[in-house]
Amino acid sequence: MVSGCRSTWKVPMASETKVAIKNLYKIFGKDPAGMINHVQNGISKKELLEQYGSVLALNDVNIDIPARNIQVIMGLSGSGKSTLIRHVNRLIEPTSGEIIVDGQNVLGMSKTELREFRRHTASMVFQRFALLPHHTIVDNVSYGLTVQKVPKQEAAERSQQWIDRVGLTGYEKHFPSQLSGGMQQRVGLARALATDAEILLMDEAFSALDPLIRTDMQDVLLGLQEELHKTFSLSLTILMRHCASVKI
Amino acid sequence: MRDLKKYIDISFKDFSRTYGDGIETFFDPLLYFLVWFEKLLINAPWPLIILVIAILAWIGSRSWLVVAGTICSFLVIGYFGMWKDTMSTLAIISVSTLLCISVGIPIGILMSRSDRLQSMVTPVLDVMQTIPSFVYLIPVVMLLGIGKVPGLIAVCIYAIPPIVRLTNLGIRLVDKEVLEAAESFGASYNQKLFGVQIPLALPNIFAGVNQTIMMALAMVVIASMIGVKGLGVPVLRAVSNQYLALGLLNGLAIVALAIIFDRISQSFGKRLQKHLESAHGV
C-alpha cells in the first residue's frame with residue numbers, strides 16, 4: 001500500500017505542476033465506498049483485510065509531479081505502485097480522491113474526453129511489454145497513431161523515426177515474438193513516444209529485463225528525456241521501478 | 001400429467017397453425033439461396049467444381065498433398081456415382097456453416113462481454129448439443145413441414161454451439177495486458193474489438209468453425225430423414241434395406257468431405273497465427 005506519501009522530490013527550479021494527485025484512496029473489495037470510512041477512521045490494512053476482506057491499495061496519496069521531470073515511485077512488490085500509476089490515466093478507477101492533470105480533473109472526464117486524454121496527453125509503457133502479438137513492429141509502434149486515425153503514411157513516417165531512435169532499424173517487419181525482451185521493451189517505449197504525449201507513464205518498464213540491458217535502456221531513456229526536454233516543452237516522465245534497481 | 005402433455009401438444013399445434021406460414025415466409029430467402037446454390041453445384045460441369053474446390057483447398061492449406069487428396073477423393077466420388085448427392089450435401093453444409101458463423105460469432109462476442117449473458121446462454125448450448133436430435137426434429141417439422149429449411153435449421157441447432165463457445169472463449173482468453181495497453185492508448189470499443197480482441201481470438205474462432213463444419217456433416221444422415229437431399233438419403237436407404245456396400249460408400253464419401261473440410265479449415269486457422277511462428281528462443 002502506498003500510503004500518506006507526500007512528494008519527496010521537489011525539483012530545484014520549481015516548475016509548474018503537471019500532475020497533481022490529491023487524497024487518493026483505492027480499496028479493492030466488495031463495498032469499497034463503504035470501506036473508505038473505516039480507512040479514514042484509521043483501520044489498518046491488516047484489520048481491513050481480516051474483518052471485511054477488502055484490500056487497501058492506496059491510502060491517502062498526495063503527490064505533485066512537476067512538468068519536464070522524472071518522478072520515481074518506489075516501493076516493495078505489492079505496495080501499490082502499478083495501481084497508483086494506473087490511476088493517472090484512469091485504467092483503474094479510484095475509490096475516492098482527485099487526479100488533476102494540467103488543471104483538468106481526470107476523474108471528471110467523460111468517456112470521449114478520457115479517450116482523447118489517453119490518445120494525446122498520457123501514454124504508457126508496460127512491465128511485460130504488452131505489445132500486440134499479431135502486428136509487426138512498425139504497426140505496434142504506430143498503434144497509438146492508428147487509434148488516433150492519423151493517416152497511414154504520416155503514421156508510418158512518425159513511427160519510423162522512433163524505431164530508428166530506439167535502435168530497431170531493420171526490424172520493422174518482424175513480429176514481437178521474434179525479438180528479445182530488451183528489443184520488445186524498446187518497441188514498447190517507441191510506441192509510447194510515438195504519440196508525442198506529454199506524460200509518459202512507465203510501469204516497472206525495465207524490471208523484466210536483465211541488469212545489463214536494463215542499464216542500457218535506462219541510458220536510452222535518460223538520453224531521450226534530455227533530448228525531448230528541448231524538443232517538447234512539456235515532457236514529463238513518471239518512472240517506476242523496483243527500488244533495488246533505481247540508479248538514476 | 002397427461003393433461004399437461006396434451007396441453008403442450010395442442011398449444012404448440014395451435015401456435016404452428018397460426019404462425020407456421022409466417023415463419024416459413026421468413027425463411028424463404030434462405031430456402032431460395034440454398035436451392036440456388038445446390039442447383040449451381042449440381043449443374044456446373046464437374047471439372048469446374050473440382051477446379052474451384054482444388055483452388056479453395058490451395059488457398060486454405062497451401063499444401064499440395066491436401067490439394068491432391070481433395071482432387072482424388074472427388075474423382076472417386078464421381079466415379080462411384082455419388083456426385084449429385086455429394087453436391088447436395090456440400091450445398092447444405094456450406095449454407096448451414098455460413099448461417100452458423102453469421103449467427104454464432106456475434107452471439108459469442110456478446111457472450112464474452114457479459115458474464116450474465118454467458119451464464120444464460122451456456123445451458124442453452126448444453127441442451128442444444130446433448131438433446132437427441134430427433135426430439136427437436138418434431139417441433140421443427142410441425143412448424144415448417146418436411147424439406148430443406150427444417151433440415152437446415154436442425155443442422156444449425158446441432159452445429160452452432162461450438163462456434164459460439166469458442167468465440168466466447170477466444171475473446172475471453174485474449175491477454176488482459178494487451179487489452180489494457182490498447183485501452184491506455186485510447187482505443188475505442190470498436191478499435192479494441194476489431195483491432196485486438198477478434199484478431200487475437202481468431203485461432204480459437206477457427207477451431208470453432210472447424211468443429212461446426214464437422215458437426216454439420218454429422219447431422220447429414222439425420223437431416224435426410226426430414227427430406228434433405230444428399231449423401232444421407234442413400235445411407236438411410238442402406239440402413240433400412242441392409243445394403244452394406246451402398247451404406248459404406250456413401251458413409252465414406254461423408255468422411256472424405258469431412259476430412260477435406262477439416263484439413264483446409266484447420267491449416268487456414270493455423271496460418272492466421274503466423275505471428276506465433278519462429279518465436280524468439282524457440
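**Where the chains meet**

Modeller: Happy to! At the meeting place, 23 residues of chain A are in contact with 19 residues of chain B. Keep in mind that we're looking at a predicted model. So let's stay on the chain A side and ask who turns up there. Which elements of chain A each supply at least two residues of the side that touches chain B? They are α4, residues 111–120, then β7, residues 122–125, and α6, residues 143–147. Of these, α4(A) gives the largest share of that side, with four residues. And what kinds of residue make up the side of chain A that touches chain B? Sorted by class, you get 10 nonpolar residues, eight polar ones and five charged ones.

Now step back to the chain as a whole. Chain A has nine helices and nine strands, and 41% of its 248 residues count as buried. Take the contacts in chain A between residues at least 6 apart in sequence: 75% of them join residues at least 24 apart.

You can follow some of the strands by eye. Start with β2(A), residues 17–28, and look for its partners. One of them is β3(A), residues 55–66, which runs antiparallel to β2(A) and is joined to it by eight bridges.

β6(A), residues 104–105, pairs with β5(A) over two bridges, in the antiparallel sense. Within that pair, A:Val101 has A:Gln104 in β6(A) as its bridge partner. β5(A) and β6(A) form a hairpin with two residues between the strands, and in that hairpin A:Asp102 takes a positive phi near 55°.

How values were computed: Residues numbered from 1 in each chain as written. Chains lettered and ligands numbered in written order. Predicted model: local features only at pLDDT ≥ 70, side-chain atom pairs only at ≥ 80, totals over all residues. Contact = placed C-beta atoms within 7 Å. Nonpolar A, V, L, I, M, F, W, Y, C, P; charged D, E, K, R; others polar. Pairing = 2+ DSSP bridges. Buried ≥ 20, exposed ≤ 12 C-beta atoms within 10 Å, placed from the backbone.
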